[in-house]
Amino acid sequence: LIETHELHDSQARDTGTELGRVRVHLFGILQTRAGKKRLTVEQKPGLTLKELFRQLAYEYDEGFISAGDSYPGPFMASAVILNGNTLRMPEDLHRTLNDGDELYLIAPIGGGWDASCS
Amino acid sequence: MNGNWNKILFANLSTGEVTVEEPGDKLYRDFLGGYGLGAQIIYSRQRPGVDPLGPDNVLGFTTGLLVGAPVVGATRFTVCGKSPLTNTWGDANSGGYFATALRRAGFDAVFFSGVADEPVYLYVNDGEAVLREAGALWGKDTFETEATLKAQLGEDAQVACIGPAGENVSRIAAIIHDRGRAAARSGLGAVMGSKRLKAVVTSGALPLPLADEARAEELRTAILRRLREDESVAAFRKYGTVSHVASSTFSGDCPVKNWDGVGLVDFPQAELISDDNVIKYEFKKYACYRCPIACGGIYKVEEGPYAVEATQKAEYETCGMFGSNLLNDDVESIIKANEICNRYGLDTISTAATVALAFECYERGLLTEDDTAGLGLTWGNSEAIVHLTEMIARREGIGDLLAEGSMVAAQELGVDPDVAVHAGGQELPAHDPRYAPTFAVNYVVEPTPGRHTQIGLAHMELGSAIRGMDLPEIDKYQIEGKGELNARLLDFTHAAYSMGLCLFVYPRIDVQMWSEIVEAVSGWDYSLDEMLETGARINALRQAFNIREGLDVSSVYISPRATGHPPDDRGPLKGISIDVDLQRRELYEARGWDTQTGKPSRSTLLNLGLKDVADDIHGMDG
């Protein structure tokens, strides 16, 4: 992962590879857990959304594992938007990400949902 | 009687008479207080068809069973009556300190009828209530009014008042408490204005009798411990509702460009009016009475054209409606517009929505600079937004028409009806049903239309829930089969609000605790099932109010922009349209209401203990 606070990701790290990049915009509890508003993720060939969430979970917080859960899930994103289009969860978890993709993980409104709710 | 004073004030403004009634335990147990109690009293004392701005409209200020008791989040007062904005049942609630003060003054609620010859205010203090002359206050804004009354009556006096917008009976006028806490919706500030009732002021130090005070304190302590451990509470304390202005704009939850834009395309700079960029103007935290969350704040803009000395926070709704929905990225102008609404006593949602209507009319050539005192109503023009808000507040120029709200203004301006984005006459808040589909049906089926706080299942669609309630997984875009779940969640909401609870607090507390809390406060054995039944009773009664008015409750209008008819061809909400008819039929069915007309069946009303209401509205069947 390449971590950036704002839009300076192109200077964040010289990877020396031809890997693409996916920019991830975080909100609410997901932003709090990551400690950042935006991340840039190396886009290895064939990287899926599910794998990206795993990477975020490994790097930041295990809550990201469930970011793409169907309703309801702890710390899930209440909407996952890729390049301006809302994805269907969990059906789109196996969708492959491409260089230059913009991903918005919209946090729950109103406190979210945790295990004690169900 | 524990948990209530069993004392309700009735002030006849035409005669100046103030009386106290003791309605007895059943009314309190059946309705829990709040707008439930308000609906029962107004339904039983008011004939149908009254002019909402006439002497016969009864206006109530209610508290709730848990207000004044040591219960976290029980801080709300609800104002209720027939709405001049929608001609339906109307209610609006606010936090702060007023509700607690009214209970400490020894009363559970106060109702006003008639019209005063001259401006008056009601002063309630330690078991006494008196109408006082308010001529010197008439014309003052809400900040001046509150300061004047506090100077005369003491800093402990809590004030709910109208400003010039209520005095000039703007149908989008709010009732303001504590420099910007607002009972804003339903246009009830105009009802106060029509009655020449400038303010209700209350103070007192009477301890509410409780069944088991020690147990109530124990439960409060347990809840405080639980809230301290809740990660979301810390974030909510820091940001409050402005945490999600940007994310809601990007997701499609928040409307953009009068509900016709796409946030990521038309307003990608939404972060400028969200979270950290808003709270940097906060110089003091604000908590409602004994609230540990303290999501509010007092705001200041030091200098410049939008300088503001001190006002309550511009919440999510205000930022969304004065910001994203107008493509306005100047956060200081939003704080200023919020302050104008607070001072003059306007609902920020309805006002900003009506400003957006005017902007689109300008874009379409239906308004020109000749109509707008030279203002160029171009999207994102923050100066025009602030000036037009002032014109509405003062009924100056085109503001005189816009002060009637967007539905009336659209009719007068001859614009396509869908440009005025409302439900049943009330401007829609900043939650798009295409993002959380249950808002569509709740905006039109709930007896007070266009209200996001009648939230029900939409709460889950936004990603949250009521803690401890047994709830299934849902797919928010699977519309069919949700009526029963929505009804259950709405019923709990009605019970919670009627007890005086805050939407931002009660969902965080395990739902099973409320029975224990109610028992500690009142001594009643009150199960969760009974609470749900009470919620259903409250809603059926409000629905009956509308039916008795002769309204066609099953065909309440909602702007097709909000339901995706036609669907968007771009953005996160692309292709989504909501089948409101299906939602409505299912919700009616779940409630035991006629699936075509929305009338609660006789058996449903009888099961809810509303025999008089059943006789009333089914007697009309002939």
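A residue is called buried here when its relative accessible area is under 20%, exposed when that area is over 50%, and partly exposed in between, with a 1.4 Å probe and protein chains only. By this criterion, 53% of the 118 residues of chain A count as buried. The model is a predicted one, in which local features need pLDDT of at least 70 and side-chain atom pairs count only at pLDDT 80 or more, while totals for chains, interfaces and linings use all residues. Residues are numbered from 1 along each chain as its sequence is written, chains are lettered from A and ligands numbered from 1 in the order in which they are written, and side-chain values use heavy atoms, with hydrogens and water left out.

Chain A has two helices and six strands, where helices (H or I, at least four residues) and strands (E, at least two) are DSSP runs numbered from the N terminus. Along the sequence these elements follow the pattern β-β-α-β-α-β-β-β. If contact is taken as heavy atoms within 4.5 Å, then among contacts in chain A between residues at least 6 apart in sequence, 57% join residues at least 24 apart.

Turning to the interface, 29 residues of chain A are in contact with 35 residues of chain B. The buried area, that is, the accessible area (1.4 Å probe) that two parts lose on being put together, summed over both, is about 2700 Å² between chain A and chain B, and carbon and sulfur atoms give 51% of it. Five salt bridges cross this interface, each defined as a side-chain nitrogen of Lys or Arg within 4 Å of a carboxyl oxygen of Asp or Glu. Lys37(A) and Asp276(B) meet in a salt bridge through their side chains, at 3.6 Å from N to O. On the side of chain A that touches chain B, the elements that give two or more residues are helix H1 (28-34), strand S4 (79-82), strand S5 (85-86) and strand S6 (102-106) of chain A, and H1(A) provides the largest share, three residues.

Within chain B, strand S4 (residues 77-82) is mostly covered, with six of its six residues buried. Two strands are said to pair if DSSP finds at least two bridges between them; S4(B) pairs in the antiparallel sense with strand S3 (residues 59-62) of chain B over three bridges, and with strand S5 (residues 89-94) of chain B, again antiparallel, over six bridges. Gly60(B) stands opposite Cys80(B) in S4(B), while Gly81(B) stands opposite Gly90(B) in S5(B). S4(B) and S5(B) form a hairpin with six residues between them, and Asn87(B) in the turn has a positive phi of about 60°.

Helix H18 (residues 438-445) of chain B is also mostly covered, eight of its eight residues being buried. The cover over these buried residues includes helix H19 (458-461), helix H20 (483-498) and helix H22 (528-548) of chain B.

Over all chains, the whole structure holds 46 salt bridges. In one of them, Asp141(B) joins Arg343(B), with the closest N and O atoms 2.7 Å apart. Asp141(B) lies in the loop between strand S8 (128-133) and helix H4 (142-153) of chain B and Arg343(B) in helix H13 (residues 331-344) of chain B, so the pair ties together parts that are 202 residues apart in sequence. Asp141(B) is buried, at 10% relative accessible area, whereas Arg343(B) counts as partly exposed at 21%.
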